[in-house]
Amino acid sequence: MRSGMSQCGWMLCFVLLVAGSTLAQQPTLKARVQLTRNGHHVPNASQVVVWLTPVVTPVDRPQQKASEIPQLVQKNKAFHPSLLVIPVGGKVEFPNHDPFFHNVFSLFEGKRFDLGLYESGTTRFVQFDKPGISFIFCNIHAQMNAVVIALATPYYAISDARGDLSIPQVPPGRYELQLFHSSVAPETLRALNREITVAPGATSLGTFTLAESDLLLAHKNKYGHEYDRPEPDSPAYARP
């Protein structure tokens, strides 16, 4: 009996060691992003999102913990931060820290919602229940914009100011590669989508060059109209 127990113990240890060794061998994939505008290099190449979605092998979708709900804070007529990446099914909180009303909405890709007017010191929550890119705006303040990307894969990264990014622990296999940057036209981003194969021991995804445009500067309000300039006594600016 002791011998059998010992043998089972050794087998369990062996399985755990093999699993740990396999995980340790899964590579970190690095990439570099270059941004251009009107043919000129843009010094700050941050906020580019690159993600890999398995094509054949299913992957366990990442789960958001109740204690880890991120915020898009409305402060000084801006969203902070301007970019969030969350797992599909995750929530985002939209607290209003300005001394006036906001009206947060998204009626484009991804999650469609309209939070209506809500006052200073209050908050709202939105659940992003399908994969996609949601452009977030305020129906009162045209300069406010942000992006929430809901992903069904844990394999993603966001570039730093130099354009460098790393996606850790990517198993070998076939993936759909996609990119996003808020100032790059959707058709340009779609042209970069492709299937790749991550070979054992691979460490690089290469370099991506993206051309910026004034994509977010000309958006309409939630009714599809140009933004009106609120009067000084408008409830949009009234302190509750």
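This section describes the sheets, aromatic pairs, nonpolar cores and selected residues of a predicted model.

Residues are numbered from 1 along each chain as its sequence is written, and side-chain values use heavy atoms, with hydrogens and water left out. Because the model is predicted, local features need pLDDT of at least 70 and side-chain atom pairs count only at pLDDT 80 or more, whereas totals for chains, interfaces and linings use all residues.

Strands are DSSP runs of E with at least two residues, and helices are runs of H or I with at least four residues, numbered from the N terminus. Two strands are taken to pair if DSSP finds at least two bridges between them. In general, the strands of a sheet pair through backbone hydrogen bonds, in either a parallel or an antiparallel manner.

Five bridges connect β6 with β12 (residues 145-151) in the parallel sense. Within this pairing, L84 has V148 of β12 as its bridge partner.

An open sheet of four strands is arranged in the order β13-β3-β15-β16 with antiparallel pairing. Here the edge strands are β13 and β16 (194-198), each pairing on one side only. From one strand to the next, the twist averages 25°. Strand β3 (residues 49-54) runs antiparallel to β13 and is joined to β13 by three bridges. The bridge partner of V49 in β13 is I158.

The loop between β13 (156-158) and β14 (164-167) contains S159. With a relative accessibility of 5%, S159 counts as buried; buried means under 20% relative accessible area, exposed means over 50%, and partly exposed lies in between (1.4 Å probe, protein chains only). Contact is defined as heavy atoms within 4.5 Å. Neighbours within four places in sequence left aside, S159 is in contact with A45, S46, Q47, V48, D164 and L165.

P81 is located in the loop between β5 (79-80) and β6. Its relative accessibility is 37%, so P81 counts as partly exposed. Although P81 and N145 are 64 residues apart along the chain, their C-alpha atoms are separated by 9.9 Å. The contacts of P81, apart from neighbours within four places in sequence, are with Q71, L72 and A146.

Five aromatic pairs are present in the structure. Rings of Phe, Tyr and Trp (its six-membered ring) pair if their centres lie within 6.5 Å, and planes under 30 degrees apart count as stacked, over 60 as edge-to-face and the rest as tilted. The ring centres of F105 and F137 are 6.0 Å apart and the planes stand at 40°, so this pair is tilted. F105 belongs to strand β8 (residues 102-106) and F137 to strand β11 (residues 132-138), so the pair ties together parts that are 32 residues apart in sequence. Both F105 and F137 are buried. A further pair, F113 with F128, is edge-to-face, at 6.1 Å centre to centre and 90° between the planes. This pair links distant parts of the chain, since F113 lies in strand β9 and F128 in the loop between β10 (125-127) and β11, 15 residues apart. F113 and F128 are both buried. F94, F113 and F128 are linked into a cluster by ring pairs.

A nonpolar core is a set of buried Ala, Val, Leu, Ile, Met, Phe, Trp, Tyr and Cys residues joined through side-chain atoms within 4.5 Å. The largest core has 37 residues, of which L52, I149, I167, F180 and L205 touch the most other members. Residues up to four places away in sequence not counted, those touched by L52 include L29, T153, Y155, I167 and V170. Another core, of 21 residues, lies apart from the largest one and includes V88, V92, F94 and I140.

E212 is situated in the segment after β17 (204-211). A relative accessibility of 17% means that E212 counts as buried. The side chains of E212 and R37 make a polar contact at 3.2 Å; such a contact is a pair of N or O atoms within 3.5 Å, where within protein one must be able to donate a hydrogen and the other to accept it, and residues adjacent in sequence count only if both atoms are side-chain atoms. Beyond its neighbours within four places in sequence, E212 is in contact with residues including L35, T36, R37, V42 and H181.

Definitions and conventions
Axes fitted to C-alpha atoms, helices over the stretch in contact; angles between N-to-C directions.
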